[in-house]
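Dear colleague,

Here is the structure I said I would pass on. My notes on it follow below.

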Amino acid sequence: MSRIVMGLIGLMSFASCIREPELHLYDQDNPVIEMPIVKLQLDIYWDYQLNLGINYNWRTEWYYGQDQDGLPGWDDEDRRVFGELEYVEPTKFHLRRYFTGDVPYGKRRYKRDAYLQNTRSFQSPYDWGYWDILAWNDVETLDPLDPVQSLHFNEPSDINEPITAYTNQSMNRTRHPAPRYQNAFYQPEQLFSACEQGIEISEDLKGFVYNEEEKIWVRKLNMLLEPITYIYLPQVILHHNNGRINSVPGTANLSGMARSTNLNTGIAGTDPIAVYFYMRMKKSRKMNGEVVDIVGGRLMTFGICGQNANRVSRAEEVGDGERHYFDVTMQFNNGMDSTFVFDVTDQVRKRYKGGVITVELDMDTVPIPKRSGGSGFNAVVKDFEDGGTWEFDM
C-alpha cells in the first residue's frame with residue numbers, strides 16, 4: 001500500500017493516503033491530514049521595520065511590561081487579569097473541505113466537516129477533482145476574569161457563503177460610540193484561520209511526489225494559518241503624578257475597530273465598534289531615568305475595518321477610515337473619577353496588526369475634579385513622533 005499526502009507549508013499541513021494500483025480515493029484507507037505545531041511570537045509578527053523605516057522593537061516602548069529590578073514586567077497579576085501576553089498555541093481545530101468538481105474555484109457542491117482535538121492527524125476520503133479547504137482553531141476562552149466565550153460564528157446554510165466570526169455588545173458605555181451602537185463590544189478570543197482554493201487531486205497524481213521511505217505520495221500547499229484577531233497593548237504614562245491618580249476601576253475602550261471578521265478571506269468587517277477591555281495601574285516604574293506611574297493593559301480586536309492586516313506591508317496601504325479613540329476611567333486621591341479620552345488614530349493605523357499604543361499625561365496640567373465623572377478629558381495628539389506632546393480640551 002502507498003499513500004497520498006497533501007502538506008501545507010508554514011503553520012499547518014494536510015495529508016491523504018490511497019491504495020495502488022487503482023489510485024481511487026474510495027478504494028483506500030482514509031486520507032490523512034496532519035497539522036504541525038502553531039507558534040507565533042510577537043517579536044516576529046510585529047515586524048514594522050519597513051513601515052517605520054527604523055529598527056523596531058516593541059518591548060523598548062512598552063514601559064508597562066518591562067522587567068525592572070529583577071521583577072517580571074508581565075507579572076502574575078497581569079496573567080490573572082489579562083491572561084497570557086502573546087498568542088497561545090491552539091490544540092483544537094475545525095476543518096471544512098468543499099468539493100467543486102472539475103471546476104477550480106467553482107461553485108461548491110458539498111462540504112465535509114472535521115474536528116481535531118489534541119492530535120495532529122486526521123483521516124477522511126476525497127473525490128477526484130478540485131477542493132477548497134478552510135481551517136480555524138477551536139475557541140478556548142483565555143480571559144481569566146470572564147470565562148464565558150465572546151466569539152460567535154455564523155456559518156450559512158449556503159456553503160458558497162463565507163463563515164464569519166463576531167462578538168456582541170457589553171453593558172459598558174463608551175465615550176465614542178459607534179454609529180449603530182451605544183455600548184462597547186466584548187473583545188474576541190484569539191482566532192487563526194487559513195483558506196486554500198482550487199486544490200486539485202487528480203488520478204495522475206499531478207503535483208504529488210512519492211516518498212519512498214514513508215511509502216506515501218506528498219504534495220505541499222502554500223497555506224498559512226494566520227491570526228485574524230490582533231493584540232494591542234495600550235498604556236498611559238502619568239508624569240508628575242505624585243499620588244493624584246491612585247487607582248483605575250479597570251474599564252477602558254478602543255473605538256473604530258471592526259465588529260467581525262471573515263474566516264475565508266481574513267478581511268475584517270466594515271461595521272465599526274468600540275471594544276471593551278481591562279486596565280490596571282503600576283506605580284513607581286522607571287522610564288528613561290524618570291519614575292512614573294503607568295496604566296496599562298492588553299486587548300484583542302478584529303483589527304481595522306475592511307482590512308486583512310496580514311496582507312498589509314505599510315500603513316499607507318490601509319487608507320483613510322474610522323477615527324480611533326481610547327478612553328479609560330481613572331480615580332483621583334479625593335475619591336472622584338474621570339474618563340480620559342485620547343485620539344490614537346495615528347498609532348492604531350501605524351500598528352495595523354497590533355502593537356503598543358502609548359499616551360502621556362503631565363499630571364501637573366490636569367486639575368483634580370470636584371465631582372465624579374465630571375471631567376471627560378479629551379486628549380488630542382499634536383505630534384505623535386515628538387515623544388508624546390498632548391493638547392487638552394477641558
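**Surface and overall make-up**

The protein chain exposes about 17700 Å², and carbon and sulfur atoms supply 46% of that area. Please keep in mind that this is a predicted model. Of the chain's 394 residues, 55% count as buried. The secondary structure consists of 5 helices and 27 strands. Among contacts with a separation of 6 or more, 70% are between residues 24 or more positions apart.

**Confidence**

The mean pLDDT of the protein chain is 80, with 78% of the residues at 70 or more.

Arginine 97 stands opposite isoleucine 133 of strand 6.

Another open sheet has 3 strands in the order 7-8-18, again with antiparallel pairing. Its edge strands are strand 7 (152-154) and strand 18 (260-262), each of which pairs on one side only. From one strand to the next, the twist averages 25°. Strand 8 (residues 164-166) is joined to strand 18 by 3 bridges, and the two run antiparallel. Alanine 165 has threonine 261 in strand 18 as its bridge partner.

**Aromatic pairs**

A search of the whole structure gives 18 aromatic pairs. One of them is tryptophan 46 with tryptophan 58, in an edge-to-face arrangement with 5.2 Å centre to centre and 85° between the planes. This pair links distant parts of the chain, 12 residues apart: tryptophan 46 is in the loop between helix 1 (42-45) and helix 2 (49-52), while tryptophan 58 is in helix 3 (residues 58-61). Are these two residues buried or exposed? Tryptophan 46 counts as buried because its relative accessibility is 1%, under the 20% limit. Tryptophan 58 is likewise buried, at 1% relative accessibility.

A further edge-to-face pair is formed by tyrosine 181 and phenylalanine 185, at 4.8 Å centre to centre with 80° between the planes. Tyrosine 181 is buried, with a relative accessible area of 8%, and phenylalanine 185 is buried at 1%.

Ring pairs also link Trp46, Trp58, Trp62, Tyr64, Trp74 and Phe82 into a cluster.

**Two residues with positive phi**

Tyrosine 105 is not a glycine, yet its phi is positive, at about 60°. Where does tyrosine 105 lie? Tyrosine 105 is in the loop between strand 3 (92-99) and strand 4 (110-117). Tyrosine 105 is exposed because its relative accessible area is 59%, over the 50% limit.

Asparagine 288 is also a residue other than glycine with a positive phi, near 50°. Asparagine 288 lies in the loop between strand 20 (280-287) and strand 21 (290-296). At 66% relative accessibility, asparagine 288 counts as exposed.

Regards

Terms used. Residues are numbered from 1 along each chain as its sequence is written. This is a predicted model: local features need pLDDT of at least 70, side-chain atom pairs count only at pLDDT 80 or more; totals for chains, interfaces and linings use all residues. Side-chain values use heavy atoms; hydrogens and water are left out. Helices (H or I, at least four residues) and strands (E, at least two) are DSSP runs, numbered from the N terminus. Buried means under 20% relative accessible area, exposed over 50%, partly exposed in between (1.4 Å probe, protein chains only). Contact means heavy atoms within 4.5 Å. Accessible areas come from the Shrake-Rupley method with a 1.4 Å probe; for residues, only the protein chains shown count as cover. Two strands pair if DSSP finds at least two bridges between them. Axes are lines fitted to C-alpha atoms, for helices over the stretch in contact, and angles run from 0 to 180 degrees between N-to-C directions. pLDDT is the predictor's confidence in each residue, from 0 to 100. Rings of Phe, Tyr and Trp (its six-membered ring) pair if their centres lie within 6.5 Å; planes under 30 degrees apart count as stacked, over 60 as edge-to-face and the rest as tilted.
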